[in-house]
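Let's take a friendly walk through a protein model together. Keep the structure in view while you read.

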Amino acid sequence: MKGIKKSLTEEYLYLDFSHQKEGCIFPLHTSVTLFLLSYCDCTVFKVFLVLPGESTGISLLKNVPSEGVEIQIISRQELPPIVQSCCLPAVVERPDNFCRAGLAVVLRHIIQKSYETDPSKKEILELLGFKKTCLKACAEVSQWTRLCELTVPLAVENFLKESFDQPPTIPAAILELEKKLSEPVRVHNDDKLRRQKLKQQKAAGVGPSLAKEKTKSKGHRQETSEEGDSSSASLELKVAFSKLTIHKEPASANREPSYVRKAKASDLPPLDHVFAEGLYFTLADIVLLPCIHHFLVIICRKLSGKLVEFPLLAAWYQRIQEVPRVQTAASQCGIQFISLPALQTTSSQQPPNLDEAPSAEEQNDPSFIGGPRPTMTKLMEKGIEVMFSPHPCPTWTLDWDTLPAAVSPKEGKMSSDRALRKQQQLNNLVYMVTNQAKPGDRIVDFCSGGGHVGIVLAHVLPSCQVILIENKELSLIRAKKRSDELGLSNIWFIQANMEYFTGMFNIGVALHACGVATDMVIEHCLKTRASFVTCPCCYGFIQNTSKVNFPKSELFKKTLSYKEHMILCRFADQTAVQLPPQRRLIGKQCMCLVDLDRARAAEEHGFSVQVISMEPESCSPKNNMIVGVPI
C-alpha cells in the first residue's frame, strides 16, 4: 500500500473465540479488537482466533473482517508458551519473548502500530486522547479503565445470556456509564471552552439556569453534524466534530466581550459529554460501541420500556454513528445499527449513586483516636509489637565489578549515588531469591519497571526462566534492550496488568511495588503457592480496592478499624532522610506494623513469612522486605 512502511517486527495477534450469536463474536473483547482493526484499516498483524479445546472448525464464523487481514484458526494448545501464560487478547513479537496482553494494552498497541506504519493517519493516533493517556492507567488502579475494559463487556455478556422469562435487572455497569455521561466534562482547555459556551448562551438569550435545562433536554436529541444549523448545535458538538473533519473554522481574532473575560470560573456553564470521555472521540468509544450496541438491541427488542432509563447513552449511541469510518467498520464487523425512538427528558430521575459508600465504622467510630501512637499502643495491648526477623546474611553482595555493564543499574539513567543504593537493594533481593531458586524454576518479577531485578536474576540464574511483568511499555522496551545486549535467552517480557498473567511460577519478586500493588503480588503468589520476596513502597497510597481490603489478617482485623489501619499507612510513608530522626523512627515502626499485617495474612494461607530490614538500611527509606515460603 502506498505510503506504508514495512513493519520491522512480525507481530501475531491472538483473540479468544467462544461462540458467535446473531453476528456478535464472543467474548466481546474479541468483537472490540476486530472493530478497532477495521476502523484503523490495520493489516500489519497476523490474526489468530483461538478456539476452546482442540477444535479448529471455522464453519460457524461469520462477519469476521478479513479484507487485507490474514486470519487463521488455532486451538489453545497451539499458542506460543508465553501467550499460554496470559489472558487474551495478546500480541506477540517474534521470537516469542515479548508479549502484550489485556484489552487496553493490545488496543493501544494496535493504534500506535497503525500510526507507525502510516504516519498520515493522525486521526488514528488521536484515539489515544490528550497526552495519549486514554485507557493507559491499568484497570487495577483506574475505575474508568476497569469500567471500559472489564466491567461493561462482562456485564453485557452476562445480560445477553439471560432468558428474560422474568424482568431482568439492568446491569449496574450500564447505570454507572449513564451516570458518567451526565457528569460535567473536564478537558485541558476547559476554561476557554466554557467561556465560549457562556458567550453562545448570551447570544441565544439563555440565562445560566435556563441553559442548564436546555442542555439536559437536548441530551437525547440526535444533533450530530457540525454542518447543521449553527444556532441549534451546541458548542460541545461543534468542538467535538471539528476534530473529525478536514475543514476547521479559523480562530476568531476579535477580543472576547468583557462579561466573558471577567466571569468567575465558578459562574461558567459546565461542558456536556459528546463522547464517552468528554468532547472528543477516543479509544473508550471504540471499546464501548460493540458492547452498548448489543445491549441496546436486546433492550429495544424485548424491553423497550426500559430505554427511557438511558437517554444519554442512547444519544451517545446515535451520535457515534456520525463519526467518519464508524459506519464502514461496523458493517464489516456485522454490526447493523438500530434506530432509537425519540426519548423524553428524565431529568428528575437520576441514576443511583454507585460510588462505594463509607462503612458505618468509618462514619461513626467512637473508639477512634487519631495519630499513630494510640493505634500502636492498642496493638501492643494485644501483643502485637514492632518486630523484625534478623537478616540471614547482611554483608552478602554481588560482585558488581565482574558483571557485564548491562546488568548493573548504572546503565540506567540515574546518578551514581542512586545507582549504588539500587545495587544495595538488589543485593538483598537477589540473595533471598537465589537461596530459594532451583534449576528449572520460573521466577516472576512483578512491576518490573526497567528490569533491574529481573535482568540480574536472569543473568545469575541461567537455569531458571525469568518473566518480567510491567504495565509501562517504555520501561519494558528498555529492559528488553538491556537483555538483548546481554544475549539472555531465559527471559520473557510481558506488558500487562498483573491479573492478566495466569501462568504457573515458583517465586514472585517485586521491588518497590507501589501501594496495594505489593498486596496484589502477594495474593498472586498465595494463589499459585509460590514463594515471594517483596519490598513494599508508597504506604500512603494504600486503601481498600475491589481486590484488597485492610486490615488483611484476622489478628489485625480484631484489633484495628480500617481508619486506624490507614493512620499507620499514612505515617509509614514518613521515612524520608530529610525528616527528623524521631519522626523517621515512628515511620519505620508503622512500616513494620503494616507489613506484619501482610505477613500474618499470608501465614493464615499456609505460608512461613518474615519481615526483614534490608542491609544497609540507608539503601532506601522503604527498606522492608516481606519474604514468604509455602509450608
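## A pair across two strands

Start with Val 509, which stands opposite Val 533 in β12. Strand β11 (residues 507-514) and strand β12 (residues 531-537) run parallel and are joined by seven bridges. Strands here are DSSP runs of E with at least two residues, helices are runs of H or I with at least four, and both are numbered from the N terminus. Two strands pair if DSSP finds at least two bridges between them.

This is a predicted model, where local features need pLDDT of at least 70, side-chain atom pairs count only at pLDDT 80 or more, and totals for chains, interfaces and linings use all residues. Residues are numbered from 1 along each chain as its sequence is written, and side-chain values use heavy atoms, leaving out hydrogens and water.

## The whole sheet

Which order do the strands take? The open sheet has twelve strands, with mixed pairing, in the order β5-β4-β1-β6-β7-β10-β9-β8-β11-β12-β14-β13. β5 (70-75) and β13 (607-613) stand at the edges with a single partner strand each, so one side of each has no neighbour in the sheet. From one strand to the next, the twist averages 20°.

## Inside the sheet: β10

Is β10 mostly covered or mostly open? It is mostly covered, as five of its five residues are buried (under 20% relative accessible area, with a 1.4 Å probe and protein chains only; exposed is over 50%, partly exposed in between). Ile 491, Phe 493 and Gln 495 are buried on one side, and Trp 492 and Ile 494 on the other.

β10 pairs in the parallel sense with β7 over three bridges and with β9 over five bridges. Ile 494 in β10 has Cys 99 opposite it, and Ile 469 also stands opposite Ile 494.

## Helices on the sheet and beside each other

Helix α18 (residues 473-486) lies across β7 (98-101), β9 (465-470) and β10 (491-495), at about 165° to β10. Angles run from 0 to 180 degrees between N-to-C directions, and axes are lines fitted to C-alpha atoms, for helices over the stretch in contact. Contact means heavy atoms within 4.5 Å.

Now look at helix α5 (residues 143-160) and helix α6 (residues 172-182), whose axes come within 9 Å and cross at roughly 140°. The two are therefore oblique to each other, since angles under 35 degrees count as roughly parallel, over 145 as roughly antiparallel, 65 to 115 as roughly perpendicular and the rest as oblique. Among the residues that meet are Trp 144 and Leu 147 in α5 and Ile 174 and Leu 177 in α6.
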